[in-house]
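This briefing concerns the structure shown below.

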Amino acid sequence: MADDYLVRIGKLIRDARQHRGWTQSQLAEALGTSQSAVNRIERGNQNISLEMIARIGEALDSEIVSLGYAGPMHLRVVGGRRLSGSIDVKTSKNACVALLCATLLNKGRTVLRRVARIEEVYRLLEVLGSIGVRTRWINDGVDLEIVPPGELEMEAIDAEAARRTRSIIMFLGPLLHRMDHFKLPYAGGCDLGTRTIEPHMIALRRFGLDIAATEGLYHAQVDRSVAPGRPIVLTERGDTVTENALLAAARHDGVTVIRNASSNYMVQDLCFFLEALGVRVDGIGTTTLTVHGVPNIDVDVDYSPSEDPVEAMSLLAAAVVTESELTVRRVPIEFLEIELAVLEEMGLDHDRTPEYFADNGRTRLVDLTVRPSKLEAPIDKIHPMPFPGLNIDNVPFFAAIAASAQGKTLIHDWVYDNRAIYLTDLNRLGGRLQLLDPHRVLVEGPTRWRAAEMMCPPALRPAVVVLLAMMAADGTSVLRNVYVINRGYEDLAERLNSIGAQIEIFRDI
């Protein structure tokens, strides 16, 4: 029996390594061991301690084995079932993590309504708790209360939790107003000078923040004599870059103009929250934001983040791929209009209710009903653009939708270097996807989906796309190691079951 466990663990490690795109030698180097040792582990020919399993999981950013953890490990999917009824969209993951970072601006009590209970949020709560912020779930676990301490205990920060969330980068903006120097862990793979980090630095240096990176830490120093004297022009119209600039500007004593800003959904929610804190923000929904900062923020605030357009797209894609009639309620329509226009061009049969407001009083919602449709491949390629273009995170769902349509569809994911590669995992389920280069995939449909057992891709949206294809495939599929899905979706399997799916959560060990 022990040998059988070793073989199964070895297979999980091998699959996680391959999905990361690493060789055995690269994993060995990260672990400080030999390639031959990694080879023996993956073949199940070497005893392995829980400590080593944890180290491997951290190196691969993959949960290999969970002990004492209540979340799911694997999903068993009985496919070929039609969905029906209606389902509500939950609050935005990306807005919730930005708002949690933004609570560091406020000396008063913050209550966030209907916060997404996902792994990304849990990691941030662990980090906040470790530096002295008191957080607790209230109202039967629906809402979240955050109360900051008088002084943050940055030396006690939970580095492990911090490194498991890329959102930790958004602590920089608030913290530069609270202390002159501090250290902050950063997630593996984030490195100063890379495209994903340098735009943050360009914006935050204008507020006197200087960063040096050594041994997995940001060493931050703040020069109080430095302040933005002219508009900040972001070199990348990124969501988190814009949010970090907003967080820095919120407590700057003066007016900050941010140009080439993202106007995406999570940025708008952050702006609405800052206004609740007493910070005036002009230009919300445009690419030029003017922030009238408040040096001292000490208010008790109650805020409701809006619904998640990417989850809404996930649910719409689930209905399309399974050829179902489904009503998706509380859809933030402003952030799905381009996607729906493309789907209409492809032949999607759907209708929508009149618009109504989300609980924040600002975001426009509708209820969408999708019906089984005979889809045709779009004439033009599917590609993301900054809002109000097609959302970057919604591009992967078009891979499954295009596989259900007649004809060939070109998907060009120019933003991420590797994500398009993960979409070819659909080929193991019967898809016909040809990888043209790391950014472009040619999808041919229609597809006769077939069941398979496979490892969950390490990227959130492609992982959900694989799950949707399994729901459409006749037979029983197994999707292993689904921690990445839990990072971004709350109780997804249970909620899909409520509208007709048959997904079982199970664990090997």
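How many residues has the largest nonpolar core, and which residues have the most contacts inside it? The largest nonpolar core has 153 residues, and those with the most contacts inside it are Phe171, Leu184, Met471, Leu479 and Ile485. The model is a predicted one: local features need pLDDT of at least 70 and side-chain atom pairs count only at pLDDT 80 or more, whereas totals for chains, interfaces and linings use all residues. Residues are numbered from 1 along each chain as its sequence is written, and side-chain values use heavy atoms, with hydrogens and water left out.

**Nonpolar cores**

- A nonpolar core is a set of buried Ala, Val, Leu, Ile, Met, Phe, Trp, Tyr and Cys residues joined through side-chain atoms within 4.5 Å; buried means under 20% relative accessible area, exposed over 50%, and partly exposed in between (1.4 Å probe, protein chains only).
- Neighbours within four places in sequence aside, Leu479 is in contact (heavy atoms within 4.5 Å) with His74, Leu75, Met454, Met455, Cys456, Ala463, Val466, Leu467, Met470 and Ile485.
- Another core, of 17 residues, lies apart from the largest one, and its members include Ile13, Ala16, Ala59 and Met455.

**Salt bridges**

- Across the whole structure, 32 salt bridges are found, each defined as a side-chain nitrogen of Lys or Arg within 4 Å of a carboxyl oxygen of Asp or Glu.
- Arg17 and Glu42 form a salt bridge through their side chains at 2.5 Å, N to O.
- Because Arg17 lies in helix H1 (residues 2–20) and Glu42 in helix H3 (residues 35–42), this pair ties together parts that are 25 residues apart in sequence.
- Arg17 is buried at 8% relative accessibility, and Glu42 is buried with a relative accessible area of 8%.
- A salt bridge also joins the side chains of Arg114 and Glu307 (2.9 Å, N to O).
- This pair links distant parts of the chain, 193 residues apart: Arg114 is in the loop between strand S3 (110–112) and helix H6 (119–130), and Glu307 is in the loop between strand S13 (301–303) and helix H12 (309–321).
- Arg114 is partly exposed at 26% relative accessibility, whereas Glu307 is buried at 2%.
- The side chains of Asp437 and Arg440 meet at 2.7 Å, N to O, in a salt bridge; Asp437 is partly exposed at 25%, and Arg440 is partly exposed at 30%.
- Arg109, Arg134, Arg136 and Glu145 belong to one network of salt bridges that share partners.

- An open sheet of four strands has the order S9-S10-S12-S11 with mixed pairing, where two strands pair if DSSP finds at least two bridges between them.
- Strand S9 (232–233) and strand S11 (280–282) are the edge strands, each pairing on one side only.
- Three bridges join S11 and strand S12 (residues 288–292) in the antiparallel sense, and Asp282 has Thr290 in S12 as its bridge partner.

**Cysteines**

- The whole structure contains zero disulfides, a disulfide being a pair of cysteine sulfur atoms within 2.5 Å.
- Cys101 is in no disulfide, and the nearest cysteine sulfur, that of Cys96, is 11 Å away; Cys101 is buried at 0% relative accessible area.
- Cys271 is likewise in no disulfide, with the nearest cysteine sulfur, that of Cys101, 15 Å away; Cys271 is buried at 1%.

Technical notes: Helices (H or I, at least four residues) and strands (E, at least two) are DSSP runs, numbered from the N terminus.
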